[in-house]
Amino acid sequence: MFVPLHDGVPMRFIRVAYVTYALIAICIVLRLMLMHWTSEASEIAVMAGFGTIPAVLFGEAQLPPELLRAPPWLTLMTGIMLHASFAHLIGNMLFLWVFGDNVEDAMGHLRFLVFFLLCGMAGALLHALMNPESEQPLIGASGAISGVIASYLMLYPRVRIWGLAFKWIPLHIPAMYALGAWILFQLLSALFDQQGAVGWWAHLGGLGAGAALTPLLIRRELRLFGRVVRGKP
């Protein structure tokens, strides 16, 4: 629906968004490893062992004992870094590249990392709660990046973003319109695309977590929607 390309917001507090770039690098390396160093069956096994499977998370199903896997609760985090395809990866990383550095700038490196992981875990948990009997693994950073989008929208609603609508129509519009439309699309998809292969509820869980955590984690002197909030120093 909308692919961001550039926002042009300068850094104010940090010189380099180390955490954002490290997260992008980790996701790319893991995708390359899955693509080149394992068979298709092994790739599926890795996704099953480290992705969030709701039925396994809630104890309604079990994975084969010989399968290499993370503890069910830990898959809420490990699944964030895995992606099913390069299309899945590139879509997520574009959003993180454009918006992640400014949110990291607003929070600081460590708080941003905690924020990113908590948003991803909240997204995976909401997905599991809405699909408790599902035995399909949820993977991808979409929930975490949805939290980043919520935070960016709260911090920079009037910044104009360059992007592509419907993959080819160039736009240069305020974040409140571009990201607001993106959020509305996630909500409608979660409500009406019940049989879809996309974890829409994970996106909404990440959005909610991002909106709740942003006022608690941003620097004290920053504003949300033009109003001063009491963030961390």
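These notebook entries record what I looked up in a predicted model.

**Entry 1: helix α9 and helix α8**

I began with helix α9, which spans residues 200-217, and its packing against helix α8, residues 175-192. I found an angle of about 135° between the two, with the axes 8 Å apart. An angle of 65 to 115 degrees would count as roughly perpendicular and one over 145 as roughly antiparallel; α8 and α9 are therefore oblique to each other. I noted the crossing of α8 past α9 as left-handed. On the α8 side, the residues that make the contact include Trp182, Ile183, Phe185 and Leu187. On the α9 side, I listed Trp200, Trp201, His203, Leu204 and Leu207.

**Entry 2: helix α9 and helix α7**

I next examined α7, residues 142-155, which packs against α9 at an angle of about 45°. The axes of α7 and α9 are 7 Å apart. Angles under 35 degrees count as roughly parallel, and α7 and α9 are therefore oblique to each other. I recorded their crossing as right-handed. In α7, the residues that meet α9 are Ser142, Gly143, Ser146, Gly147, Ala150, Ser151 and Met154. Their partners in α9 include Ala202, His203, Gly206 and Gly210. I noted that this contact of α7 with α9 divides into six nonpolar, nine polar and no charged residues.

**Entry 3: helix α9 and helix α6**

I then turned to α6, whose axis comes within 7 Å of that of α9 and crosses it at roughly 145°. The crossing of α6 past α9 is right-handed. Among the α6 residues in this contact I noted Arg111, Phe115, Leu118, Cys119 and His127. Among those of α9 I noted Trp201, Ala202, Leu213, Thr214 and Leu217. The contact of α6 with α9 has 13 nonpolar, six polar and one charged residue.

**Entry 4: His127**

Is His127 buried or exposed? I located His127 in helix α6, residues 109-130. Its relative accessible area is 11%, and the limit for a buried residue is under 20%, so His127 is buried. With neighbours within four places in sequence left aside, I found His127 in contact with Pro54, Leu138, Gly199, Trp201 and Ala202.

**Entry 5: Met107**

I looked up Met107 in helix α5, residues 86-107. Met107 has 1% relative accessibility and therefore counts as buried. Beyond neighbours within four places in sequence, I found Met107 in contact with Phe112, Phe115, Ser151, Thr214, Leu217, Ile218 and Arg219. I also checked Met107 against Phe13, which is 94 residues away along the chain. Their C-alpha atoms are separated by 9.1 Å.

**Entry 6: Thr20**

Which residue joins the side chain of Thr20 by a polar contact of 2.8 Å? I found that the partner is Glu104. Thr20 itself lies in helix α1, residues 18-36. At 0% relative accessibility, Thr20 counts as buried. Not counting residues up to four places away in sequence, I listed Leu96, Gly100, Asp101, Glu104 and Phe112 as touching Thr20.

Note on methods: Residues numbered from 1 in each chain as written. Predicted model: local features only at pLDDT ≥ 70, side-chain atom pairs only at ≥ 80, totals over all residues. Heavy atoms only, no water. Helix = DSSP H or I, 4+ residues; strand = E, 2+ residues; numbered from the N terminus. Buried < 20%, exposed > 50% of the residue type's maximum accessible area, 1.4 Å probe, protein only. Contact = heavy atoms within 4.5 Å. Polar contact = N/O pair within 3.5 Å; in protein donor to acceptor, adjacent residues only side chain to side chain. Axes fitted to C-alpha atoms, helices over the stretch in contact; angles between N-to-C directions. Left-handed = near helix turned anticlockwise from the far one by under 90°. Nonpolar A, V, L, I, M, F, W, Y, C, P; charged D, E, K, R; others polar.
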